[in-house]
Amino acid sequence: MHSSAVFLIEFGAIILGLGLLGRFAGRFQFSPIPLYLLAGLAFGEGGLLPLGASEEFVAIGAEIGVILLLLMLGLEYTASDLVSNLKTQYPAGLVDAALNAVPGAVMALLLGWGPVAAVVLAGVTWISSSGVIAKVLGDLGRLGNRETPVILSILVLEDLSMAVYLPIVTALLAGAGLAAGSATLAIALGVAGLVLLLAVRYGRHISRFVSSDDPEKLLLVVLGLTLVVAGLAQQLQVSAAVGAFLVGIALSGEVAEGAHNLLAPLRDLFAAVFFVFFGLHTDPASIPPVLLPALALAVVTACTKIATGYWAAKRAGVSVKGRWRAGGTLVARGEFSIVIAGLAVTAGIEPSLGPMATAYVLILVIVGPLTARYTEPLATWIAQRRTASAVRQESKPAPEEPSKAIQGNGPAGSA
């Protein structure tokens, strides 16, 4: 009886604290993700007041949070949207992966963490935060801008790549051999392809089966179906997150919209719990030793993301100012970087990977909205300064040639 009372007090305090942090972040118009991570650091191992009774429930809530994050992501897209993006924007996706995954992998190898950690850190630095970026676009009133479809296409390709990347990471973290890992990846690709095929051809029928005019029944059916599919996917070692993502893709139309509205509050609740849970398992004392590498990695990958957005927007025929806005908007990392790092932390492959990911995300989730707002004005100011400097150089009069001195003794100089 006493332990249940302690659990209720602890868990209630967590939820209340998250709500207050969310309100604080909303007042100053920035993402609450860094505050949730800091809250986890404060109440985890080595923090101010470690939790005890509610930690197991928080762990379950965190797993549900990951599932709901990916489900809601899948609901944002239809299968036809994904196929269309793959056909038209895949070069931008390849450039994005090359420029932003490689620095993470190189950093892990330089730190001596090994190839598995390199694959994980590559994913951490590769994937931008769809949630933070969507909020920034709305806050800045850029949803109708010409560069916005380019930004969204890159995010779609990154999200779709999760369906391939997560099974690979899961197999590597499980220590599966080449044969087992190849089988896991083949199953994941087969399931993803099958779901996309069913969604394209029979999406209306699937949505009609799930559909209900009663919000309560719709919520229960969609949530139950998602958890079942996620569980089956995890049994096949494909990744529960991928299963949830595919369920979201399979639903479309009014069902997707209704499920999105009903599940958004649950997603926000359990996603916040997930970020706290990740912070709980990161010792604050382990962050200072990796702070400088995390900062260096943040600077490098902020620049590579800006380059990615600039190149993709240029390819789409967007103006120079729009190219800079696209690049600056893509800088933010957040929920999916932590999801990927969380898999590695659970597997225990490298003790410093969790602190590195925490510091990295904390930096870029704060810097991201700033680069979205100021990259284009800064680039314009620099270009104007260069232009003005070039004009001054051209308009500057050429130096006169010195008159030739009369050398030797001429008639005028003779005595």
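A polar contact here is a pair of N or O atoms within 3.5 Å; within protein, one must be able to donate a hydrogen and the other to accept it, and residues adjacent in sequence count only if both atoms are side-chain atoms.

First, the ground rules. This is a predicted model, with local features needing pLDDT of at least 70, side-chain atom pairs counting only at pLDDT 80 or more, and totals for chains, interfaces and linings using all residues. Residues are numbered from 1 along each chain as its sequence is written, and side-chain values use heavy atoms, with hydrogens and water left out.

The overall picture. The protein has 15 helices and 0 strands. Those are DSSP runs numbered from the N terminus: helices are H or I, at least four residues, and strands are E, at least two. Of 415 residues, 46% are buried. Buried means under 20% relative accessible area, exposed over 50%, partly exposed in between, with a 1.4 Å probe and protein chains only.

Now H6, residues 130-139. Its buried residues are Ser 130, Val 132, Ile 133, Val 136 and Leu 137. They sit on the same side of H6, because their arc around the axis is only 165 degrees. That arc is taken from the directions from the helix axis to the C-beta atoms. Ser 129 caps the N-terminal end, with a side-chain oxygen 3.1 Å from the backbone nitrogen of Val 132. Just after H6, Gly 141 has a positive phi of about 65 degrees.

Next, charges. A salt bridge is a side-chain nitrogen of Lys or Arg within 4 Å of a carboxyl oxygen of Asp or Glu. The count is 6. One of them joins Lys 305 and Asp 96, at 2.9 Å, N to O. Lys 305 is in H12 (residues 288-315) and Asp 96 in H4 (residues 79-110), so this pair ties together parts 209 residues apart in sequence. How accessible is Lys 305? Lys 305 is buried, at 0%. Asp 96 is buried too, at 1%. A network of salt bridges links Asp 96, Glu 158 and Lys 305.

Another bridge joins Arg 325 and Glu 376, with the closest N and O atoms 4.0 Å apart. Here H13 (residues 320-329) holds Arg 325 and H15 (residues 353-395) holds Glu 376, 51 residues apart. Arg 325 is buried at 17%, and Glu 376 is buried at 13%.

Last, Glu 257. This residue lies in H11, residues 253-280. Glu 257 is exposed, at 52%. Its C-alpha is 7.7 Å from that of Leu 75, 182 residues away in sequence.
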